[in-house]
Amino acid sequence: MPSPATSPNTESAPKTLRELSCADDYDPNSMPVPKAREYIRAVLKPVAAVERLHIRNALGRVLSEDVISPVNVPGHDNSAMDGYAVRFSDLKQDSEVELQLVGTAFAGKPFSGKAGKGQTVRIMTGAVVPDGCDTVIMQERASASGDTVSVAAVPKAGTNIRKAGEDLRKGEPALKKGKLLRPAELGLLASLGIGEVSVYRKLRVAFFSTGDELVSIGQQLGPGQIYDSNRYTLYGMLSRAECEILDMGVIADTPEAVEEAFVQASAAADVIITSGGVSVGEADYVKQVLESLGEVLFWKIAMKPGRPLAYGKIGDAHFFGLPGNPVAVMVTFYQFVRDALARLQGQTDVKPLPTLKVVCTAPIKKAPGRTEFQRGILSQDDNGQWTVRPTGDQGSGILSSMSQAHCFIVLPTDTGSLEAGATVDVQLLEGLI
Ligand code: AMP
Ligand code: MG
């Protein structure tokens, strides 16, 4: 294994948090979304351990080495059509020609002879192009009578033939290290006859909630208490990200319990995620504990929802302290954690979430100063054009807005309120992880 510093997974050696916080434009009290993402990215170092898996079990995992194609795909020149294999030099551009039918080539059952001058072979889609032939005439442009076939001309030799190696070439990388394996890649590997691949091991992610008001499902709510929902959205988002999950429950609001939880989590996991208790001035012991155990930065992100966010290292584990509000947990996960997990899992082709421009059919309320991620409902108008409208109440505790939403409506920092009919950026939630 190359060391992470020289691996193509990192553009440059990972930085330390101290180096980050000394950057000229570093301002923990007003951190733009892209800057926070950039800082986090600079510290990440992908997992090194790998395992070999059957391709069926490798769905959603990341290749830890290039896959070199052992064969050409397709293996032979073959027909893209049902029709007649011919010699291009026999055809006439201005009239039909009559050819002698000498056999049939089926997919998987090649014609064993050779077509000579003036001869043709009936050929099915996927069948190997017979010796002597270089072109296929689709059957709709030919007519057969007994052993004689009249064919119209095609303008070019090689028409309707799929060339050997046109999909994948023997000896060349078919898939690169760092590639996320999706259904297309499983099929591509199978087309090469490859049944096993080397992938990075799953990331281990531990998470817990803090907050004296939180009660786990299955227990009775006392006065002023609420059910802990963040651990379930986190469970769902992490499962989709193919992580190994360690749910540590609700941790009591005492410095001892919090310290114990962080010590345990950092020994067992690559990544620790908590929700709540990162607002300034609140639950100060979380900050204290983290400062004594590791290096953690507390940021006020210029975004809504999701203003408070903590990021750092506890031993070798990466720590994300997400805000407590249920919508803020999801927004910050999708905007920061998702990208970081993909990189830690060794993925090199991590793309920013695609943003599409769509007309918003309702007015939007917003004050300039922060990037907002409002929840939107998409629909198609009578002309088939997609439009969006906000889900309604955009409070950061309104989790039903995430459930109704198809997308985030991303409103840039400087934007204020918008009239109905404005064009906005949206990020689709479908298939996000
Ligand atoms: P905090 O960031 O701790 O101030 O929490 C902000 C809001 O989110 C408060 O109303 C909390 O009750 C709520 N909250 C915090 N953690 C959770 C959780 N795990 N599940 C549901 N709501 C939570
Ligand atoms: Mg709290």
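How many of the residues of helix 7 are buried? The close-ups below start there. The model shown is predicted.

**View 1. Helix 7 is largely enclosed by the rest of the structure.** Of its 19 residues, 19 are buried, so the rest of the structure largely encloses the helix. Helix 7 covers residues 326–344. The helix is bent: at F333 the bend is about 45°. Just after the helix comes G346. This residue takes a positive phi, about 95°.

**View 2. W299 and Y311 form an aromatic pair.** The structure holds nine aromatic pairs. In the pair of W299 and Y311, the ring centres are 6.3 Å apart. W299 belongs to strand 18 (residues 295–300), while Y311 belongs to strand 20 (residues 308–314). The pair therefore ties together parts that lie 12 residues apart in sequence. Both W299 and Y311 are buried.

**View 3. Y311 also pairs with F320.** Here the ring centres are 5.2 Å apart. The planes stand at 50°, so this pair is tilted. Y311 and F320 are both buried.

**View 4. Five residues form one aromatic cluster.** The members are Y26, Y39, W299, Y311 and F320. One of them, Y39, has K35 over its face. K35 lies 5.7 Å from the ring centre of Y39.

**View 5. R122 sits over the ring of Y84.** The part of R122 over the ring is its charged end. The distance to the centre of the Y84 ring is 5.3 Å.

How values were computed:
Residues numbered from 1 in each chain as written. Chains lettered and ligands numbered in written order. Predicted model: local features only at pLDDT ≥ 70, side-chain atom pairs only at ≥ 80, totals over all residues. Heavy atoms only, no water. Bend = angle between axes of the 7 residues up to and from the residue. Helix = DSSP H or I, 4+ residues; strand = E, 2+ residues; numbered from the N terminus. Buried < 20%, exposed > 50% of the residue type's maximum accessible area, 1.4 Å probe, protein only. Phe/Tyr/Trp six-rings, centres within 6.5 Å; stacked < 30°, edge-to-face > 60°. Lys NZ or Arg CZ within 6 Å of the ring centre and 35° of its normal.
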